[in-house]
Amino acid sequence: MNATSIYQSLTERIGEKIDGHPDVDAVLSSYPSPAPDCWIWQGNAAMLIHHDGKSKRVVRTLFDLIGGEALSDAWIPVRAANCGSRLCINPTHFELKPHNQNRYGMEGPLPPRLRKLDTSELDEIRELIEEWENPDRSTFLANCAAFGFTFSEPALDLAFGGN
Ligand SMILES: [Zn+2]
């Protein structure tokens, strides 16, 4: 028996409880690229996962895995209007909203990967790419560093198509 099979990662445990067993790691690592299929949760009705001695919403857990740190209590994942099922836990079918809409503006910053993609940022990157005559990503980043420009990873990923 393979010793590694005894120990399952958290994402493997979650994946086993989703209809069709999608590759959870692949979708988390390419977030916010959309994964169109709903992930129908087949685990407990409360949609909780037990990990590190705590029970937590599965969706929240997935966002913690994407963000690399716990979301502040001010943010909650809210199902997007185009998601087809109340049992779906696909993180790309959720938006992060301030916990209390009346306190909008009071929340702390989101981890960079969870920030909503600013399309004006993407336009800015594309303009620079054109102006600098289609540099590769590392040349582009070197130019940005020289000028003190910074862009988010998701916007860069989209502009460079994952190069
Ligand atoms: Zn869905």
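## Basis and overall fold

Two strands are taken as paired if DSSP finds at least two bridges between them, while helices (H or I, at least four residues) and strands (E, at least two) are DSSP runs numbered from the N terminus. The model is a predicted one, in which local features need pLDDT of at least 70 and side-chain atom pairs count only at pLDDT 80 or more, whereas totals for chains, interfaces and linings use all residues. Residues are numbered from 1 along each chain as its sequence is written.

The protein chain has six helices and four strands, and from the N terminus on these elements follow the order α-α-β-β-α-β-β-α-α-α.

## The β1–β2 hairpin

Strands β1 (residues 48-51) and β2 (residues 54-57) run antiparallel and are joined by four bridges, with L48 standing opposite R57 in β2. Two residues lie between the strands of this hairpin, where D52 takes a positive phi near 55°.

## Helix α4

Helix α4 (residues 119-131) has 13 residues and reaches 18 Å from its first C-alpha to its last, close to the 18 Å expected at 1.5 Å a residue, the expected span being 1.5 Å times one less than the number of residues. E133, which follows α4, has a positive phi near 55°.

## Contacts of I89

Leaving aside neighbours within four places in sequence, I89 is in contact (C-beta atoms, placed from the backbone, within 7 Å) with I18, W39, W41, M47, V58, V59 and L62. Among contacts in the protein chain between residues at least 6 apart in sequence, 59% join residues at least 24 apart.

Terms used. Contact = placed C-beta atoms within 7 Å.
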